[in-house]
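Q: Hi! I'm new to this one, could you walk me through it?

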Amino acid sequence: MSTLTFPPSLPPPAEDSERLHIAIQGWGTDEGLIISVLAHRPSRHRREIRRTYGEIYGDDLLKSLDKELTRHFERAVMLWMLEPAERDAMLANEAAMKWNPSNRVLIEIAVARTADELFATRRWYQTRFKRSLEEDVSAHTHGDFRKLLVPLVSSYRYEGAEVNMALAKSEAKILHQKIKDNDCSHEEVIRILTTRSKAQLSATFTDYKNEFGNPINKDLKSDPKDEFLSALRAIIRCIAHPERYFEKVIRLAMNRVGTDEEALTRIITTRTEVDMRLIKELYYKRNNVPLDRAIQKDTRRDYKDFLLALIGHGDA
């Protein structure tokens, strides 16, 4: 059994495993019991529940849940139960295999995670799919997107706070000139955005605005229908203000005819333990409606209950 210790407020993994076994194997699946356990356990505890469940019952918990749950609720529970790097590896594989120019999942994973988190995802990817993430991205993208996305998912950015202000000024000028020349896929633009540290890029974006009058993303809106420019804007938002980027994804997922459950599920399951508190605050400021009320309106039944439990989860 586990030698790890957990806060006294949390039941031991064996107790949670027993409750889940009852919920899954009883007369009809008890979705409410599954939600009450899994939506209120931190990542390390969920990992131990998976391991302990297998030791006690001889079954893979995720496979057992997969057999009993359906549709959007199943998808949300499956993503939530995976290790963060394992989850990102699966999402990255789906995005690469079904890639289209409007898909931003690879950008989210490559830019909004830390260098170590992205590296862990790449390791999980190789273990699970027997290929590298870079290999699949290269094989399934093309043109300017391939030029951008392969180095982006391959990067290991410096995480320190040090900033070279002279470099920020010179690279702001490079970016401005290439945008002015409508040459945004130039190798220098890609080099800067895919290799510089987030602190260095934030300084570059600040210098860009101070020197040329507009935020860089405003100048990248010359053609709102250009998907490559949209991808560059997504990279910049994920670097400078990731919580704003994710709030917008959630907002657009629900402000449409038919909810985009795929996007809504992805953002909530990946950001709940990271910055959901900030996302919720931004959502309210932007929409004058609490996020939980919007979810109640746009989703149904067990899926709704699970998402609502997640966004109230922890101190993120």
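This is a predicted model: local features need pLDDT of at least 70, side-chain atom pairs count only at pLDDT 80 or more; totals for chains, interfaces and linings use all residues.

Q: Let's start with the second largest pocket: which helix gives the largest share of its lining?
A: That is H13, with five residues. Helices here are DSSP runs (H or I, at least four residues), numbered from the N terminus. Residues are numbered from 1 along each chain as its sequence is written, and side-chain values use heavy atoms, with hydrogens and water left out.

Q: Okay! And what volume does that pocket have?
A: The second largest pocket has a volume of about 360 Å³. A pocket is found on a 1 Å grid over the protein atoms alone, as an open set of points where a 1.4 Å probe fits, with protein on both sides within 12 Å along at least five of seven lines; lining residues have an atom within 4 Å of a point. The volume is the space filled by probe spheres set on the points, which are joined across faces, edges and corners.

Q: What about the largest pocket, how big is its volume?
A: About 690 Å³. Its lining has 27 residues, and Ser-102, Arg-104, Val-249, Asp-260 and Arg-266 lie nearest the centre. H16 provides the largest share of that lining, five residues.

Q: How do those lining residues divide by type?
A: The largest pocket has ten nonpolar, four polar and 13 charged residues in its lining. Here Ala, Val, Leu, Ile, Met, Phe, Trp, Tyr, Cys and Pro count as nonpolar, Asp, Glu, Lys and Arg as charged, and the others, Gly among them, as polar.

Q: Switching topic: which residues touch the most others in the largest nonpolar core?
A: Leu-65, Val-77 and Phe-306, in a core of 91 residues. Helix H15 (residues 227-240) gives the most to this core, with nine residues. A nonpolar core is a set of buried Ala, Val, Leu, Ile, Met, Phe, Trp, Tyr and Cys residues joined through side-chain atoms within 4.5 Å.

Q: And what does Val-77 touch?
A: Leaving out residues up to four places away in sequence, Val-77 touches Leu-38, Leu-65, Leu-69 and Phe-306. Contact means heavy atoms within 4.5 Å.

Q: How many aromatic pairs are there?
A: The structure holds eight. Tyr-125 and Phe-129 have ring centres 4.8 Å apart and planes at 50°, so they are tilted. Rings of Phe, Tyr and Trp (its six-membered ring) pair if their centres lie within 6.5 Å; planes under 30 degrees apart count as stacked, over 60 as edge-to-face and the rest as tilted.

Q: Where do Tyr-125 and Phe-129 lie?
A: Both are in helix H8 (residues 115-129), four residues apart, about one turn of the helix.

Q: Is Tyr-125 buried or exposed?
A: Tyr-125 is buried, at 0% relative accessibility. Buried means under 20% relative accessible area, exposed over 50%, partly exposed in between (1.4 Å probe, protein chains only). Phe-129 is at 17%, so Phe-129 counts as buried too.

How values were computed:
Helices (H or I, at least four residues) and strands (E, at least two) are DSSP runs, numbered from the N terminus.
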